[in-house]
Structure formats: C-alpha cells, structure tokens
Amino acid sequence: MPDSAAPPTAPDWLQAGMDHLWLPYTQMRNLPTPLPIVSAEGVRLHLPDGRSLIDGISSWWTVCHGYNHPHIRKAVVEQIQHLPHVMLGGLVHEPVARLATRLTAMLPGDLDHVFFSESGSVSVEVAMKMAIQYWINRGVAGRHRFVSFRFGYHGDTMACMSICDPDEGMHGLFAGCLPEQIIADVPRSTEQRAAFRQLLKQRRGEIAAVIIEPLVQGAGGLKMYDAETLAFIRQACDAQDHLLILDEIMTGFGRTGTMFACQQADMVPDIATFSKALTGGTLPLAATVATRRVFEAFLSDSPSTALMHGPTYMGNPLACAAAHASLDLFEREPRLQQVAAIETRLRDGLSACRGLNGVLDVRTKGAIGVVELDRAGEANWLKPRLIAEGVWVRPFGNIVYLMPPFVIEPVDLDRLTAAVVKVVSDWSRERA
C-alpha cells in the first residue's frame with residue numbers, strides 16, 4: 001500500500017481541493033494524499049470507497065461520545081431553527097447563560113466565572129491575559145511572566161507558543177520572536193520540588209502565573225505525573241501568592257478518569273481552560289473559568305479594569321446547545337465507568353509492546369494509552385500500516401497513542417490495541 005493509503009479512485013473534489021488547501025502540521029510539498037472522509041458514526045470513519053476505520057484518537061481528543069450522536073445532533077438542529085448566532089456584546093441568550101451556570105456548578109471550589117471563546121488556544125490566551133491584568137488591576141507592577149513546564153503544550157497562537165516546551169515542542173522556529181517565559185521541570189522528585197519552590201520565591205516579582213496540564217501533558221509527549229505532584233504545585237503557588245492556571249483542554253470531561261483531572265488532586269486552580277470534548281466533538285467552543293478572587297480584581301468604577309477581549313463567536317448558541325447535550329450524556333450515561341473499563345483494556349492490550357526493541361515505555365491513564373518509541377519521525381512508516389489494519393491512529397514525534405471515544409465497544413478497542421501491537425512489533429523487527 002502506498003504511504004498515502006489513499007483510495008484507488010479518489011472523489012473528484014479531493015484533488016481539486018488539495019490544490020488550494022493548507023493543512024495543519026504538514027509539509028505541503030510532495031504531500032501524500034490525505035484520506036477523504038464522507039461520513040462518520042459511533043467510532044467509525046467512512047471513506048468513499050466503502051472502507052471504514054476505527055478512530056483511535058477521537059478526532060484530536062474531542063469525540064468523547066462518538067460521532068454523530070443523535071442527542072447532540074437533535075439539540076443542534078433545534079437550536080439552529082430559532083437562533084444560530086447572536087453577539088455577546090450587549091446581548092445575551094439562554095443557552096450561554098445556562099451553560100455558564102451549569103459548568104460552574106460542576107467545577108470544584110469557586111471556579112464561578114466563565115469567559116467563552118472558540119478554541120483551546122484562545123482560551124489559554126485569555127487565561128494568560130487575565131493573569132497579567134489581575135496583577136495590574138491590583139496595582140502590582142512587573143508580574144508578566146509565566147512558569148510553564150518541559151514537555152508542556154498549550155496551543156499554537158503566539159502567547160501560547162511562548163509557554164510550550166521550547167526544545168521538545170514544534171515552535172523552535174519562533175525563538176527570539178516570542179515573550180521569554182520561565183520553563184521548569186515538573187517537580188516529581190525531592191530535588192525538583194526544592195528547586196521549584198526556590199524558583200517561585202526568587203522570581204516572585206515577575207511571575208504572573210504558573211500554568212500546567214494536570215496529570216497528563218498532551219501534545220508535548222503525553223508525559224504523565226501523579227496527583228500528589230499536582231497538589232504540591234498548588235501548595236507551592238499558594239506559599240508565594242502565585243496564580244495557578246490549569247490547562248484542562250485535553251484532560252477535562254472524563255479523559256483521565258474523573259470529570260476533571262484536578263479533582264484527583266483535590267485542588268482548585270485560580271483559572272482553568274476547557275475545550276475539545278466540551279461539545280462532544282461537534283462545534284468549536286472553549287471556556288476560561290476564573291475563581292471569584294480573580295474575577296473581583298476586574299470589578300471597579302473604571303472601564304480600564306475591564307477584560308478587553310471578545311471573540312466574535314464567543315458563546316455561540318449552536319455550540320452551547322451542543323455542549324448542553326454533551327453534558328446531558330455525561331449525566332445520563334456511564335461515561336466515567338466506560339473510561340475505567342477502557343483504561344484496564346488499554347493497559348492489558350498494549351502490554352505486549354513492553355520489552356520490544358525500540359520501545360521505551362508503555363503507559364496508561366484513564367482513556368489514554370501510550371507507546372513511546374526511542375526515536376522520533378516514524379509516523380510516515382507507522383501510519384499507513386495502521387490504516388491497513390483498519391484503524392485511524394496518528395502517531396506524533398516518538399509517540400504512538402490511543403484516545404478512543406468513551407463509547408467504544410470492547411471488540412473495537414481490542415482491534416485498536418491489536419493493530420498498534422502488530423505495527424509496533426513490525427517496526428521493532430525491521431529496525432533491528
């Protein structure tokens with residue numbers, strides 16, 4: 001099979017479109033033809049030649065309830081019939097008001113104030129802007145830098161790039177163009193914790209906030225750490241009066257085994273960001289949620305203390321309707337039990353990769369399974385062979401991973417893990 005794994009007779013719109021499309025994370029010169037998808041339901045993606053693939057990564061970790069879920073589809077259809085969109089500048093609508101109320105009731109502590117946007121990157125930008133202006137509004141000068149972590153990833157917009165890992169990430173080309181931030185090791189060991197405390201103390205006057213992905217660092221390598229480490233970071237921030245931002249864009253809404261990853265550490269951030277699974281993978285929506293303490297720093301008689309930010313489609317009624325339907329499904333169906341069952345099956349199914357030549361680690365957390373290889377750049381070899389096994393899995397860097405929809409049946413999950421084991425085993429033998 002050719003590396004593109006393209007169907008033998010592609011639809012006419014495919015090549016015409018590829019003459020004009022600019023695709024993400026892709027060198028467009030000599031690009032293999034991407035797979036055309038004409039429909040999807042449950043955990044399956046359907047191609048025009050009649051093939052179907054089991055989606056092992058939930059369309060970048062969003063489709064937690066499976067594709068084309070009838071409850072979400074019904075909610076969006078009903079919403080579009082009477083209010084597809086209205087701006088939130090001076091106006092408001094019921095779906096967004098009820099969604100803000102519903103989200104804050106679900107979240108721990110006093111995460112009580114929701115600012116909506118359209119993408120995860122923008123929600124992080126908003127969080128960073130909130131953190132800096134929090135100190136400005138309190139009359140504290142100079143606190144404009146962020147502490148982030150090696151292997152961290154928070155998005156591709158300019159401010160977000162500055163808090164991603166500068167060495168392991170994908171944004172090294174922009175070195176010198178981005179704000180200089182403070183990159184630390186995730187403080188797992190005693191020595192790292194002592195160094196982290198000292199860092200927060202020594203640079204207290206310039207730090208606006210600490211930001212981290214809780215329990216699992218996503219696109220920076222799917223590195224995992226324990227809840228006790230997350231609780232320590234909260235305590236260390238409290239000791240020096242630093243704001244803590246949790247990027248729950250990937251981890252939120254059940255992916256790590258609890259509704260929100262921070263719940264496993266029994267802690268509350270000052271600001272949290274959410275997106276991806278918020279609408280069940282149907283429409284773009286993100287949320288930046290702040291505690292009462294942060295929100296109140298923006299309240300005064302002066303317009304200059306207001307948060308001057310406003311995405312055009314923020315709180316879009318269609319997206320809010322989809323989010324409500326997604327939250328309905330979390331309430332009505334056993335999603336967290338499904339995640340627990342997926343974790344066990346991923347752990348068992350991927351264990352055959354342990355000990356293979358070239359495999360550094362196999363790890364799981366919730367509905368996340370990772371096989372880490374000893375070298376990067378293997379995706380072009382691995383991906384077409386995974387497609388040949390009837391699965392859609394998109395390795396990146398030195399990581400082959402699974403993040404299936406929570407509704408996946410055991411037989412399909414076993415097909416996913418078996419495909420990964422077979423292809424990684426073949427890769428291991430070929431490189432020997």
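Q: Which residues line the largest cavity?

A: Rolling a probe the size of a water molecule over the atoms shows where empty space is left. In this predicted model, the largest cavity is lined by Trp 61, Ile 249, Met 250, Gly 252, Phe 253, Arg 255, Lys 276, Ala 277 and Phe 406. A cavity is a set of points, on a 1 Å grid over the protein atoms alone, where a 1.4 Å probe fits but cannot get out, and lining residues have an atom within 4 Å of a point. Local features here need pLDDT of at least 70 and side-chain atom pairs count only at pLDDT 80 or more, while totals for chains, interfaces and linings use all residues. Residues are numbered from 1 along each chain as its sequence is written, and side-chain values use heavy atoms, with hydrogens and water left out.

Q: How much space lies in the largest cavity, and what classes of residue make up its lining?

A: The largest cavity holds about 30 Å³ of space, a volume being the space filled by probe spheres set on grid points that are joined across faces, edges and corners. Its lining has six nonpolar, one polar and two charged residues, where Ala, Val, Leu, Ile, Met, Phe, Trp, Tyr, Cys and Pro count as nonpolar, Asp, Glu, Lys and Arg as charged, and the others, Gly among them, as polar.

Q: Phe 253 is in that lining; is Phe 253 buried or exposed?

A: Phe 253 counts as buried, at 2% relative accessibility; buried means under 20% relative accessible area, exposed over 50%, and partly exposed in between, with a 1.4 Å probe and protein chains only.

Q: How are the rings of Phe 253 and Phe 330 arranged?

A: A pair of aromatic rings is described by the distance of the centres and the angle of the planes. Rings of Phe, Tyr and Trp (its six-membered ring) pair if their centres lie within 6.5 Å, and planes under 30 degrees apart count as stacked, over 60 as edge-to-face and the rest as tilted. The count comes to eleven aromatic pairs. The rings of Tyr 25 and Trp 60, with centres 5.8 Å apart and planes at 85°, are edge-to-face. For Phe 253 and Phe 330, the centres are 6.3 Å apart and the planes at 40°, so the pair is tilted. Phe 330 counts as buried at 12% relative accessibility.

Q: Which residues form one aromatic cluster with Phe 253?

A: Phe 260, Phe 274, Phe 330 and Phe 406 join Phe 253 in one aromatic cluster, and Phe 406 also belongs to the lining of the largest cavity.

Technical notes:
1 Å grid on protein atoms, 1.4 Å probe; cavity = no way out; pocket = protein on both sides within 12 Å on 5 of 7 lines; lining within 4 Å.
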